[in-house]
Amino acid sequence: MANKEKCPECGLEMADCICDEEEPDYLTLEFDDGEEVECEIMGVFDYDGKEYIALLPEDGSDDVFIYGYKEIGDDEFELIDIEDDAEFDKVVMEFDKLVAELEEEE
């Protein structure tokens, strides 16, 4: 049986090495009531000519927060509440579709 080469950093076999994967980015949401939630940025996606961002809270729930997204400068952006229920429903359906496509690729 041949020895498989292992990554010196993570110890996994080279085929399974995760060292080259980018570390996720995080941001802290602060709600009107003062509650703060640390969230992983899942990604930014386009839908119907606008950009949206999906955030995964680090609170152990299965929730995903979705907001409108607008870049306002280098490494600066604004989160925009999606107040229209119909728009929000469509954006969530697009997000679900994108996630399903990614899962199929894996």
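What share of the 106 residues of the protein chain count as buried? The figure is 18%, where buried means under 20% relative accessible area, exposed means over 50%, and partly exposed lies in between (1.4 Å probe, protein chains only).

## About the model

This is a predicted model, in which local features need pLDDT of at least 70 and side-chain atom pairs count only at pLDDT 80 or more, while totals for chains, interfaces and linings use all residues. Residues are numbered from 1 along each chain as its sequence is written, and side-chain values use heavy atoms, with hydrogens and water left out.

## The overall fold

Let's start with the layout. The protein chain has 1 helix and 5 strands, and reading along the sequence gives the pattern β-β-β-β-β-α. Helices (H or I, at least four residues) and strands (E, at least two) are DSSP runs, numbered from the N terminus.

Among contacts in the protein chain with a separation of 6 or more, 24% are between residues 24 or more positions apart; a contact means heavy atoms within 4.5 Å. The accessible surface of the protein chain is about 8600 Å², and carbon and sulfur atoms make up 43% of it. Accessible areas come from the Shrake-Rupley method with a 1.4 Å probe, and for residues only the protein chains shown count as cover.

## A link between strand and helix

Now for the charged pairs. Side chains of opposite charge can pair when their charged atoms come close. The count here is 2 salt bridges, a salt bridge being a side-chain nitrogen of Lys or Arg within 4 Å of a carboxyl oxygen of Asp or Glu.

One of them joins Lys50 and Glu87, with the closest N and O atoms 3.5 Å apart. Lys50 belongs to strand S3 (residues 50–57) and Glu87 to helix H1, so this pair ties together parts that are 37 residues apart in sequence. Helix H1 covers residues 85–105. Both partners are partly exposed: Lys50 has a relative accessible area of 45%, and Glu87 has 23%. Setting aside neighbours within four places in sequence, Glu87 is in contact with Lys50, Tyr52 and Ile82. Between Glu87 and Asp48, 39 residues apart in sequence, the C-alpha to C-alpha distance is 9.8 Å.

## A pair within the helix

Glu94 and Lys97 form a salt bridge at 3.8 Å, N to O. The two residues sit in helix H1, 3 residues apart, which is about one turn of the helix. Apart from residues up to four places away in sequence, Glu94 touches Phe45, Asp46 and Tyr47.

## A negative patch on the surface

Which residues gather in a patch of negative charge on the surface? They are Glu30, Asp32, Asp33, Glu35, Glu36, Glu38, Glu58, Asp59, Asp62, Asp63, Asp81 and Glu83. Patches are made of residues with over 30% relative accessible area and no salt bridge, with like charges joined within 9 Å and nonpolar side chains (Val, Leu, Ile, Met, Phe, Trp, Tyr) within 5 Å. Lys and Arg count as positive and Asp and Glu as negative, while His and the chain ends are not counted. The place of a charge is taken as NZ of Lys, CZ of Arg, CG of Asp or CD of Glu.

Asp32, one of the patch residues, is found in the loop between strand S1 (26–30) and strand S2 (36–47). With 88% relative accessibility, Asp32 counts as exposed.
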